[in-house]
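The exercises below are each followed by a solution that goes step by step. Please look over the sequence and the structure before starting.

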Amino acid sequence: MLITPAYAAMTAKAPIAPHTIQRREPGPHDVLIDILYCGICHSDIHQARDEWGGSVFPMVPGHEIVGNVVKIGDQVTQWRVGDAVGVGCFVDSCRKCEACREGEEQFCEEGASFTYNSHERDGKTPTHGGYSTCITVNEDYVLRIPSGMPLERVAPLLCAGITTYSPLKQYGIKPGDQVAILGLGGLGHMGVKIAKAMGAKVTVLSHSVNKRSDAMALGADDFVVTSDKNAFTENLKRFDFILDTVSAQHDYNAYLELLKRDKTMVLVGIPDPIPLAAAPLVMQRRHLAGSLIGGIRETQEMLDFCAAHGVLSDVEVISIQQVNEAYERVVKSDVRYRFVIDMASLK
Ligand code: NAP
Ligand code: ZN
Ligand code: ZN
């Protein structure tokens, strides 16, 4: 076993604090990764604070992990010591069910082993995430970072990148499409960049008046403040696609009215439930859908797409000691646009 410094939530009410965990020595098919950077996703906060229920404590959050391979098992074929790699939201799955066979491991019918707040395949060993100095992962659940990409700006692609790329790809976004990105945070800013790289006309729908210039600098074509009383009437039936990344409760019904006939709004943000009316869907044959991260194959495709299009996250690099302060800023929508922890601060 490898004794590993980490930061953990001990209970839902406790701040994230120093902790020690054990990592397994790499088995024949495992790689050991020295963690260099780990992004902070709003899902870390939802889970560390048990906002979704069922959290497992102590919890070491973090599923936007980048680092270098430092050790490999004797049957590893895909990786060498020194490779720059990433680990996203899950570290294993059953490999046999229909979802796994189709490369959609996040939907594994037995339940994927998520990177933290979950269990290994034995169903009892807790998994721990990237707020730590190293991680041991089966080689099939590791991503290749294309060469030349700055690693701290790649880390957020492992969750925020794939979560926005996947629905934009699945729904066939193409040049000229009118795409709205709802919420300009970690996911939202990646959504803007990726939709632009796909050729879409991108509008940011935001409740933060002061993010207009940022949105335009990130590549958006338009910016709408949703608290403006005319916002909904002026943008009625405007969009071919809405990607909803908002982490807090908001009225889906109002946003559905902004879609053209037959078009789709995809939810990726996971706030508490709110009532849904039939009329906005029925009257214009609109669709409301959801999406969860992406499988390993699609995550690699997204990394290669981002490398080819020069897409990177805009990050604020912090030390692990600043993590609680960063959580407070994320909750206040004051992240520009992803906090990334420099894990050297824990070594
Ligand atoms: P984030 O950085 O906090 O961004 C969320 C954005 O939502 C904020 O920046 C803000 O944008 C908007 N927002 C926040 N509070 C609001 C409020 N009260 N009213 C209206 N808008 C509000 O979070 P994130 O890391 O991007 O994650 C977003 C959500 O996606 C979270 O619920 C997270 O758990 C979920 N998530 C889902 C998946 C998936 O696979 N489906 C993956 C990762 C994360 P403006 O300031 O522009 O309004
Ligand atoms: Zn995430
Ligand atoms: Zn499976």
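**Exercise 1.** Does D177 count as buried or exposed?

*Solution.* A word on the basis comes first: this is a predicted model, in which local features need pLDDT of at least 70, side-chain atom pairs count only at pLDDT 80 or more, and totals for chains, interfaces and linings use all residues. Residues are numbered from 1 along each chain as its sequence is written, chains are lettered from A and ligands numbered from 1 in the order in which they are written, and side-chain values use heavy atoms, with hydrogens and water left out.

Step one is the scale: buried means under 20% relative accessible area, exposed over 50%, and partly exposed in between, with a 1.4 Å probe and protein chains only. Step two is the value: D177 has a relative accessibility of 10%, and therefore counts as buried. Step three is the place, which is the loop between α4 (160–170) and β10 (178–182), where helices (H or I, at least four residues) and strands (E, at least two) are DSSP runs numbered from the N terminus. Step four is the surroundings: leaving aside neighbours within four places in sequence, D177 is in contact (heavy atoms within 4.5 Å) with G172, A200, K201 and D240.

**Exercise 2.** Find the residue with which D177 forms a salt bridge, and then examine two further pairs.

*Solution.* A salt bridge is a side-chain nitrogen of Lys or Arg within 4 Å of a carboxyl oxygen of Asp or Glu, and the structure holds 23 of them. The partner of D177 is K174, with the closest N and O atoms 3.0 Å apart; K174 is partly exposed, at a relative accessible area of 48%.

The second pair is K196 with D221, whose closest N and O atoms are 3.0 Å apart. This pair links distant parts of the chain, since K196 lies in helix α5 (residues 186–197) and D221 in the loop between α6 (212–218) and β12 (222–225), 25 residues apart. K196 is partly exposed at 29%, and D221 is partly exposed at 34%.

R286 is in the loop between α9 (279–282) and β15 (287–290), while E257 is in the loop between α8 (252–256) and β14 (259–267), 29 residues away. Here R286 is buried, with a relative accessible area of 7%, whereas E257 counts as partly exposed at 31%.

**Exercise 3.** Which residues coordinate the zinc ion (ligand 2)?

*Solution.* Donors are N, O and S atoms within 2.8 Å of the metal (3.2 Å for Na, K and Ca), and water is not among the atoms, so sites may look incomplete. The zinc ion is coordinated by C41 (SG), H63 (NE2) and C159 (SG), at 2.0 to 2.3 Å. H63, in the loop between α1 and β4 (65–72), and C159, in the loop between α3 (151–154) and α4, are 96 residues apart. H63 is buried at 7% relative accessibility, and C159 is buried at 5%.

**Exercise 4.** Why are the buried residues of α11 on the same side of this helix?

*Solution.* The buried residues of helix α11 (residues 323–331) are V323, A326, Y327 and V330. They cover an arc (taken from the directions from the helix axis to the C-beta atoms) of only 105° around the axis, which puts them on the same side of α11. As a general point, an α-helix has 3.6 residues a turn, so residues three or four places apart point the same way. These buried residues pack against β1 (2–8), α1 (42–48), β16 (315–318) and β17 (338–342).
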